[in-house]
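This report describes a predicted model. It begins with the relation between the copies and then turns to the fold and to one helix.

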Number of protein chains: 2
Amino acid sequence: METVSENACFGGVQGVYTHAAKTTQCDMTFAVFLPEEAKDGPVPVLWYLSGLTCTHENAMTKAGAQAWAADHGIALIFPDTSPRGDDVANDEAYDLGQGAGFYVNATEAPWAPHFQMYDYITKELSELVFDKFPLDEARQGITGHSMGGHGALTIAMREKGRFKSVSAFSPICNPTVSDWGRKQLSAYLGSVETKWVAHDASLLMLKEGFDGPILVDTGTKDQFMDLLMPEAFAAAVSSKRQQATIRYQPGYDHSYFFVASFMEEHVAFHAEALYA
Amino acid sequence: METVSENACFGGVQGVYTHAAKTTQCDMTFAVFLPEEAKDGPVPVLWYLSGLTCTHENAMTKAGAQAWAADHGIALIFPDTSPRGDDVANDEAYDLGQGAGFYVNATEAPWAPHFQMYDYITKELSELVFDKFPLDEARQGITGHSMGGHGALTIAMREKGRFKSVSAFSPICNPTVSDWGRKQLSAYLGSVETKWVAHDASLLMLKEGFDGPILVDTGTKDQFMDLLMPEAFAAAVSSKRQQATIRYQPGYDHSYFFVASFMEEHVAFHAEALYA
C-alpha cells in the first residue's frame, strides 16, 4: 500500500492510498478519513460506495461527510467504483465498464478478469484497511449514492451480521427490472436472470431482510427516479416487515448537493447504531 | 443572465448562472447559494473569492459552505477568478492569466481589455446579483482562499463601509514582496510599484485598516507559507491596532480539506457581524 496524499481535515486526516489488488488484478485507489479519536485506538467505520462515473474522490471532496464523521469520531472509507487501467476492459457508455462496476463479481468475458468488485470491497479492501488503520471491525456501517446505494444495500444484506446499519442516497433499488441494472447484470453475470437476484436490493429484502436499521433518501425531483425505483424497495420493506425509514426529500435531485444536504443525518443515523 | 443549473441544497437552492459581462468583455459564470429564508425576503450575503486555477465551482462543491450558510440564513456568492475564453489573453503558467485574475483592473497589454476583475466583482457582478436575487445589500461579508483571500482582504479595505466583516483562508497577504504577487502585479499593473500598493493587504492595513472584525486562518503545514506571508499581515494589524484574529491551525495545509474544516467557524464569524 502506498500513500498518495494525506491532508489534515476536521482534526483528523483525509488520506488517499493505492495498492496492487489481487481480486481486480490492477492498482486500486481508495480514500480513508480518520477522525482525531483514531490516534487513541480503533474507531467505528462508515463505508461510502459511490455511483456511476465516480472514483474514490467524488464523495471525499463533495459530500461534506468528514465534518459529521469527525463530530461522531467515525472513520470513512471511500473505495473506487471499478477496476481501472489501459489493460482493463471498458465500454464507451458511462454506465458499463470502468466507473461502473456495480459491486458484483463478473463471470462473463471480457469483464471477469478484473471486475470482481464485490470481493474487492467485502474481502480484499476490508482486510487491508482493518490491517493498516485503527478501525473497529465490530462497528461497521455502510452507505452509498445511486449505484453505490445499490452496493450498500445489497452488501449489507448479503454480508450477514457484519454491518450494524445501512443507508443510501438515491439508490438503484431494483436493478433486475431497471435499465440501470439489466444491461450491467447481463454483461457482468450473463443472461441467466436467476443469478442477478443476489444483487437486487428489493429482491434481497424480500428474501433476506436486514438485521438493523435502514435509512433511504431519494429526492422528489430526482431525474433518474424511474431508474432507481425506490417504490420497489419500499414495497419489499413493507412485505418483509423490515425496520426502515424511506424518505422522499422535497425538491432534491440526484446531485451531490442532495447527498451533502442529508449527510449530517445519515452519519448521525449510523453513529446511533455504531455506538449503541 | 442565463441559468446554467439550479439544485436543491440544504433547504435552499444552489444555482449557477452566466452573463455577458461588460467589464471583462466576455461571458462570466458565477454561482449563488440562496438559503430557504430567501423565499421570504432579502438575506445577508457572504462573498467567497477563490484562488489560483479555480473557477466558481471549486468552493461551491468542495468547501461545504452551504451547510453553515443554510444554518445562518445567509446567501453565498462564488464568482469566477478571471475572464475566460479563446479570445481572452492567457499564459501557460498556472498563476497568470485565465484562472489568476488577482482581483485587479489590469492596465497593461495584453491583459487590460478583459482582466478587470476588481470592477467586475465590486461593481458589475454586485449590481447584477443584488438586482436578480433577494439579497440584502446592507449586510455583506467577504471571504476567500489564497489569491481569493487576498481579494477578500483588499476589497474589504478598499470598499469602505460596504462589508461588515472579512475573513480569509490562507490568504496571500503581502503580494508586493511575494513571488505570488510581484509577477502578476507587474504583468497586470506595470512596473511602477506604487500602483501595486492598493492591492496588498498588509500595506492597505497599515494605511486604511478595516472598520469591523477580521478573521484569518492559515495552516501551520501550508506548503505555500513563504508565499502567503501571514506574518506581514499580522505585523500590519499590530501596528494599526486593528481588531483581528490571526490563527495558525496546527497540521493543516493549503487544500480545500483545510478550508472545509474551518468553514463553519468562518460562516459563524460573518453571521455574528451580519446579524449584529
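## The axis between the chains

The contact surface is shared by both copies, since 100% of the contact residues of chain B recur in chain A.

## Overall build of chain A

In this predicted model, chain A contains nine helices and nine strands. Its radius of gyration is 17 Å, close to the 19 Å that the globule rule gives for 276 residues, so chain A is as compact as a globular protein of that length. The C-alpha trace of chain A spans about 50 × 45 × 35 Å along its principal axes.

Of the 276 residues of chain A, 63% count as buried, and the accessible surface comes to about 10,200 Å², with 48% of it belonging to carbon and sulfur atoms. Among contacts in chain A with a separation of 6 or more, 72% are between residues 24 or more positions apart.

## The kinked helix α3

Helix α3 of chain A, residues 117–132, has a kink of about 40° centred on A:Leu125, and A:Leu125 is itself one of the buried residues of this helix. Twelve of the 16 residues of α3(A) are buried, so the helix is largely enclosed by the rest of the structure.

The buried residues also include A:Met117, A:Tyr120 and A:Phe130. Their cover in chain A includes the strands β2 (12–21), β3 (26–34), β4 (43–49), β5 (75–78) and β6 (135–144), together with helix α4 (147–158).

How values were computed
Residues numbered from 1 in each chain as written. Chains lettered and ligands numbered in written order. Predicted model: local features only at pLDDT ≥ 70, side-chain atom pairs only at ≥ 80, totals over all residues. Heavy atoms only, no water. Contact = heavy atoms within 4.5 Å. Bend = angle between axes of the 7 residues up to and from the residue. Helix = DSSP H or I, 4+ residues; strand = E, 2+ residues; numbered from the N terminus. Buried < 20%, exposed > 50% of the residue type's maximum accessible area, 1.4 Å probe, protein only. Rg over C-alpha atoms; globule rule 2.2 N^0.38 Å. Areas by Shrake-Rupley, 256 points an atom, 1.4 Å probe, with all protein chains shown as cover.
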